[in-house]
Amino acid sequence: MMSTNLIDIRKLVKYYPIKGGVFRHHVADVKAVDGIDLKIRKGECLGLVGESGCGKTTLGKTILRLHDSTAGRIYFDQPAEKIEEVERLLESEQPEQRRRAVLDLKSMDITSVGGRRLLELRQKVQIVFQDPSNSLSPRMLIKHIVSEPLVAQKLVKPREVDDRVLQLLGIVGMAKEHMMRYPHEFSGGQRQRIAIARALATNPQFILMDEPTSALDVSVQAQILNLLKQLQNELQLTYLFVTHHLLVVKYMANRIAVMYLGKIVEVGETKEIFENPLHPYTKALLSAIPIPDPDTGRERIILTGDVPNPVNPPKACRFHPRCSYAKDICRQREPVLESADGGHVVACHRWREI
Amino acid sequence: MEKLLETQELYTDFNTFEGVVKALNGVSVHVNQGETYGLVGESGCGKSVTVRSMMRIVQSPGKIVGGKILLFFREEDRSRGIDILTRSETYMTSMRGDDISMIFQEASTSLNPVLSIGYQVGESFNFHRRGQILKETVAELEREISNTKFFLAKAWKTLQRSLFKRELRVLNQYESQIDTTDDELYRLENERETASLRRKALLRRRRDHLRETDVLIQFVKRVPFLALYARRLDRTVRAQVVELLRSLGVSNPERIAAGYPHELSGGMQQRIVIAIALACNPILLIADEPTSNLDVTIQAQIVDLIKSLKQTTISSVLFITHDLGLVAEVCDRASVMYAGDVAETASVRDLFHNPLHPYTQGLLRSVPKIQQADTLNTIPGVVPNLIHPPSGCRFHPRCPHAMDICAKEKPPTIEFAPGHTVACYLYTENK
């Protein structure tokens, strides 16, 4: 399937500085996202999985410009040929060409846009946060929560706002009588529906789902997942689905990207990743899922130790201290993402052997 | 299999400003000797309240208003069991952390940030195994005294030894008193005559007021410098703590024991909480969502640890979780709870392959599977508010098979197959 990319992330880096000492000078960095290349295709749901602290949320929020990136480029809805050309120019030896590329970037790269263009971008990208009880203001009526993006972006005339809100609430399965209530009057599942309605208000092309169901109960989670899937089909949305719940991602995503400590270690079609994982971390992660069936009888890979501190990540391959296949090369050279069987992209020196 | 702990028709209420929250609506469950038993359900269904009631640590404004909690721990209690709801608070204190211990949901909040890990793990040794520690310290001191050359050191150690011996004697006396009162209370439990009722009240009062008091030791503990003698115990406790941590696979236990909780990762903190719970080799370990805040790979480590401990040290585990996958993996038998009721109890295999209660069926269908092709089935509606719970069967407003009778009366729990009980009117006719 060759479809166009909606978002193209190149060498994205996001460091959080740690300040210390008497003069609060710069001591070290938390390397939350450390050189990521990722493409999100139009109309797909890309699942981003990884353990807590591996930088999944940071990556998502950097795409939304809720955080400013330290380095790297994010192209949003740009033709592929143009991206390739700019990237080529950036790599070139001649300063003249590099300068030209930087000029081009100003209009293409969303990590540096500001002002009105940022406002326009915010119309196209939206987010649904993890915990709906924290992401909805307790002092605003549902009507005002859902209409806030419309008003801020001046998308509809003031007297049409109510109609639009009603329409949005209808899309997520809520009714007119809910408009004049406060968030605390709703259950977790309904609050998440409201948050989804708010995200849909500006007719976005891309929605970042930051663990949208992890605060919900199992029976309600299924309702929300089905709603999200249905919305994606009806409105042709592109999702980046950030979660640590692998079975949810299996249900939702077309493709999966696995992150470990600020790096992408494997990307592939969902079916491929689950049936034929290549990276040892992906293998361990998949074998650790508790499966709701007492007779699965599968072999578990139990990783030793914890996720290392991202301030001081291990040298070379970041997974090598916990990896049972680690060899000398893993401690000396950093693996790069390379294409492998079944359309996978994997960052491991030894994927062929294991 | 023999029962270890049983609740019969347990009712627990929370008196709030909005009204009475009827959190438990007649919960009858039991844990057998040597099994891992699971309690599953969504949040607010009463799993945690059930086990907190079992330990009698329901937080205010919660109150156990009815039912029985029976323990069958000692050989001689097997026939009848001890109803802990009739026992005094001091009895419960001696029970918690010793025979029954508990792992709480969030390790980071259940550890005290200002106390060292060695102290927190050693606390239950100090409390429940004081006699044993005193004995060991005395034995150690005996050895050291014969090896010491210096006069002063020898005198100090001899003093320590004699004080510890005295403490041990007092403690033994106190414990034997407690045992005799407990035995008599147990004998009198079902007596209804005036004389025995009066005797029971007297015994209860006496038990609550029993103290291990010794004038000399109390005096020494107030004398500066001399009071330092008790420090010797800490060394014995610390050695045991280090040994325990090592057996749980904690690397570098000496350093960890000297450190504080914030220095550790989430998985490590959970190991420490498990160590605290295991300190006194409990008969029953209650694990209240021990892995809900951990990552999958760390969760796998902790689950693996609990499973291997189950084979070696602890006899029974009560495992609470909302994750059906974990139940399938860890438990032998499980109950599904819904809004304060036990919907269904069965062996894990029966529960997953042959679910009877409509709620269990719905729950199993709404979890994404590894082979999930079509859309997920959902249970319509939401978990009810327990201040005004639905009448009759609490699940009937969401149930696809609801009948007229479901709204009127609470369904009885019937045994559909041996060991497989369900509370639903769908199965009452043919029984």
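The buried residues of helix α1 of chain B are Lys47(B), Val49(B), Thr50(B), Val51(B), Arg52(B), Ser53(B) and Met54(B), a residue being buried if 20 or more other C-beta atoms, placed from the backbone, lie within 10 Å of its own, exposed if 12 or fewer, and partly exposed in between. Because 7 of the 9 residues of this helix (residues 47-55) are buried, α1(B) is largely enclosed by the rest of the structure. Just after α1(B), Arg56(B) takes a positive phi of about 55°. Helices (H or I, at least four residues) and strands (E, at least two) are DSSP runs, numbered from the N terminus.

The model is predicted, with pLDDT of at least 70 required for local features and 80 or more for side-chain atom pairs, while totals for chains, interfaces and linings use all residues. Residues are numbered from 1 along each chain as its sequence is written, and chains are lettered from A and ligands numbered from 1 in the order in which they are written.

Chain B comprises 15 helices and 12 strands. Of its 431 residues, 39% count as buried, and its C-alpha atoms fill a box of roughly 85 × 60 × 45 Å along the principal axes. Among the contacts in chain B with a separation of 6 or more, 65% are between residues 24 or more positions apart; two residues are in contact if their C-beta atoms, placed from the backbone, lie within 7 Å.

An open sheet in chain B is formed by 8 strands in the order β6-β7-β8-β3-β9-β10-β12-β11, with mixed pairing. Strands β6 (100-103) and β11 (414-417) of chain B stand at the edges with a single partner strand each, so one side of each is left without a neighbour in the sheet. From one strand to the next, the twist averages 20°. Two strands are taken to pair if DSSP finds at least two bridges between them. Within this sheet, β7(B) (residues 284-288) and β8(B) (residues 316-321) run parallel and are joined by 5 bridges, with Ala287(B) opposite Phe319(B) in β8(B). Helix α1(B) packs on the sheet, where it touches β3 (36-40), β6, β7, β8 and β9 (333-338) of chain B, and its direction makes about 145° with that of β8(B). Helix α15(B) also packs on the sheet, touching β9 and β10 (341-347) of chain B, at about 100° to the direction of β9(B). Axes are lines fitted to C-alpha atoms, for helices over the stretch in contact, and angles run from 0 to 180 degrees between N-to-C directions.

Antiparallel pairing is found elsewhere in chain B: 8 bridges join β1(B) (residues 3-16) to β4(B) (residues 62-71), and Thr7(B) stands opposite Ile69(B) in β4(B). Strand β4(B) is also joined by 2 bridges to the antiparallel strand β5(B) (residues 82-83), where Asp83(B) stands opposite Leu70(B).

In chain A, 5 of the 5 residues of strand β6(A) (residues 206-210) are buried. Both of its faces are covered, with Phe206(A), Leu208(A) and Asp210(A) on one side and Ile207(A) and Met209(A) on the other. Strand β6(A) runs parallel to β5(A) (residues 125-128), to which 4 bridges join it, and Val125(A) stands opposite Phe206(A). A further 5 bridges join β6(A) to the parallel strand β7(A) (residues 238-243), in which Val242(A) is the bridge partner of Asp210(A).

Phe241(A) and Leu318(B) touch the most other members of the largest nonpolar core, which has 192 residues. Such a core is a set of buried Ala, Val, Leu, Ile, Met, Phe, Trp, Tyr and Cys residues joined through C-beta atoms within 7 Å. Helix α11(B) (residues 266-278) gives the most to this core, with 7 residues. Not counting residues up to four places away in sequence, Phe241(A) touches Cys45(A), Leu46(A), Gly47(A), Leu48(A), Met209(A), Val249(A), Met252(A) and Ala253(A).

Between the chains, 38 residues of chain B are in contact with 31 residues of chain A. On the side of chain B that touches chain A, at least two residues each come from α12 (296-312), α13 (324-330), α14 (348-353) and α15 (358-365) of chain B, and α12(B) gives the most, with 7 residues. By class, this side has 17 nonpolar, 14 polar and 7 charged residues, where Ala, Val, Leu, Ile, Met, Phe, Trp, Tyr, Cys and Pro count as nonpolar, Asp, Glu, Lys and Arg as charged, and the others, Gly among them, as polar.
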